[in-house]
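Open the model in your viewer and keep the selection tool at hand. This tour goes stop by stop.

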Amino acid sequence: MALFTKPDAYQKQITIYLNNKNYESAYDLAKEFSERFGQELTSHFLLSKSAFWMKKYPEAIVAGRKAFNMAHAKEDMILCGIILSTAYYMQGDVKNSQEVLEAVNRDGNTDVEKLMFICALAVQDEKAAMEHVNRLYKINRRMAEDFVMKFF
């Protein structure tokens, strides 16, 4: 792999790889990025995302947890939380998936609510699932209707 000297160069190239579904190259470069610039939240987020797409869920969880713990801005917490909770879910760890989503669900993000709905269904908690659907309707009625139609 080419050795980049700035975090922005890594971010741009990894994003290109991910957009082109070249997940192996994205993963390899993201590993290098996180090793060279471990203090950068984005390095761990992109490693988590590329590991996730490679179905390397345990590694996606480790990198996702690092990114999530480094996140201070609300949007960063939501983005990191979504990839982390989804990796947990894919590993069959619904409990940790729900905990991460609850930690970021302060103002009602539609993506977070959808994932919380899915987690509630996974543990057969119909009451919680309906609460999340109701929140989706309050946030964005049209998007909620489209989402619900996929399940029925």
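Predicted model: local features only at pLDDT ≥ 70, side-chain atom pairs only at ≥ 80, totals over all residues.

Residues are numbered from 1 along each chain as its sequence is written, and side-chain values use heavy atoms, with hydrogens and water left out.

**Stop 1: helix 6**

Select Lys-95 and Glu-99. Their side chains form a salt bridge at 2.9 Å, N to O. The term means a side-chain nitrogen of Lys or Arg within 4 Å of a carboxyl oxygen of Asp or Glu. A search of the whole structure finds four of these. Both residues sit in helix 6 (residues 94-104), four residues apart, about one turn of the helix. Helices are DSSP runs (H or I, at least four residues), numbered from the N terminus. Lys-95 counts as exposed at 56% relative accessibility, while Glu-99 is partly exposed at 39%. The cut-offs: buried is under 20% relative accessible area, exposed is over 50%, and partly exposed lies in between (1.4 Å probe, protein chains only).

**Stop 2**

Two packed helices are described by the angle between their axes and the distance between the axes.

Which residues of helix 5 and helix 6 make the contact? Helix 5 brings residues including Met-77, Ile-78 and Leu-84, and helix 6 brings residues including Val-94, Val-100 and Leu-101. Contact means heavy atoms within 4.5 Å. By class, there are nine nonpolar, four polar and no charged residues. Ala, Val, Leu, Ile, Met, Phe, Trp, Tyr, Cys and Pro count as nonpolar, Asp, Glu, Lys and Arg as charged, and the others, Gly among them, as polar.

**Stop 3: helix 7 to helix 8**

Select Arg-135 and Glu-113. Their side chains meet in a salt bridge at 3.9 Å, N to O. The pair links distant parts of the chain: Arg-135 is in helix 8 (residues 126-139) and Glu-113 in helix 7 (residues 110-122), 22 residues apart. Is Glu-113 buried or exposed? Glu-113 is buried, at 1% relative accessible area. Arg-135 is partly exposed, at 35%.

**Stop 4**

Finish with Glu-145 and Arg-141, a salt bridge at 3.3 Å, N to O.

Definitions and conventions:
Helix = DSSP H or I, 4+ residues; strand = E, 2+ residues; numbered from the N terminus.
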